[in-house]
Amino acid sequence: MCRSIKTLRPPALPEEATDDEIRAAALQYVRKVSGFRAPAAHNREVFDEAVDAVAAATAKLLAGLEVRGSSARGA
């Protein structure tokens, strides 16, 4: 989909993804889907809400993933 969105789970990222990395990935996703690099003022609120929602969903996904061969998560 968007080659600039990097993988945020181990082993691609040895440590846990930071909030900044999650937000950057969410921003790239929303930019790609919306077709806007930066929204017009009248679209700013819905654009920012979408970035927040995607970032929250991404953080939830990463927290729940179990990567085989890695140390136990959440233990």
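This is a predicted model: local features need pLDDT of at least 70, side-chain atom pairs count only at pLDDT 80 or more; totals for chains, interfaces and linings use all residues.
The protein has two helices and zero strands. Of its 75 residues, 23% are buried. Let's start with the overall picture and then go helix by helix.

**The overall picture**

- The accessible surface of the protein is about 5700 Å², and carbon and sulfur atoms account for 54% of that surface.
- If you take the contacts with a separation of 6 or more, 54% of them join residues 24 or more positions apart.
- Those two helices go by the names α1, covering 19–34, and α2, covering 44–64.

**Helix α1**

- α1 is built from 16 residues, and the distance from its first C-alpha to its last is 22 Å.
- That is close to the 22 Å you'd expect at 1.5 Å a residue.
- Which residues of α1 are buried? They are Glu-21, Ile-22, Ala-25, Ala-26 and Val-30.
- What do these buried residues pack against? Their packing partner is α2.
- Keep an eye on Ala-25: once you set aside its neighbours within four places in sequence, Ala-25 is in contact with Ile-5 and Leu-8.
- Just past the end of α1 comes Gly-35, which has a positive phi of about 85 degrees.

**Helix α2**

- α2 has 21 residues and spans 30 Å from first C-alpha to last, close to the 30 Å expected at 1.5 Å a residue.
- Its buried residues are Phe-47, Val-51, Ala-55, Thr-58 and Leu-62.
- Ala-59 and Leu-8 sit 51 residues apart in sequence, yet their C-alpha atoms are 9.7 Å apart in space.

**The nonpolar core**

- How many residues make up the largest nonpolar core? It has 10 residues in all: Leu-8, Ala-17, Ile-22, Ala-25, Ala-26, Val-30, Phe-47, Val-51, Ala-55 and Leu-62.
- The elements giving two or more residues to this core are α1 and α2.
- Ala-17, one of the core residues, is found in the segment before α1.
- Why does Ala-17 count as buried? Its relative accessible area is 17%, and buried means under 20%.
- Leaving out neighbours within four places in sequence, Ala-17 is in contact with Leu-8, Ile-22 and Leu-62.
- Ala-17 and Ala-63 are 46 residues apart along the sequence, while their C-alpha atoms are 9.8 Å apart in space.

**Charged pairs**

- Side chains of opposite charge can pair when their charged atoms come close.
- How many salt bridges are there? The count comes to two.
- Asp-48 and Arg-44 are four residues apart in helix α2, so about one helical turn separates them.
- Asp-48 has a relative accessible area of 27%, which makes it partly exposed.
- Arg-44 is also partly exposed, with a relative accessibility of 36%.

Note on methods: Residues are numbered from 1 along each chain as its sequence is written. Side-chain values use heavy atoms; hydrogens and water are left out. A nonpolar core is a set of buried Ala, Val, Leu, Ile, Met, Phe, Trp, Tyr and Cys residues joined through side-chain atoms within 4.5 Å. Buried means under 20% relative accessible area, exposed over 50%, partly exposed in between (1.4 Å probe, protein chains only). Contact means heavy atoms within 4.5 Å. The expected span of a helix is 1.5 Å times one less than its number of residues. A salt bridge is a side-chain nitrogen of Lys or Arg within 4 Å of a carboxyl oxygen of Asp or Glu. Accessible areas come from the Shrake-Rupley method with a 1.4 Å probe; for residues, only the protein chains shown count as cover.
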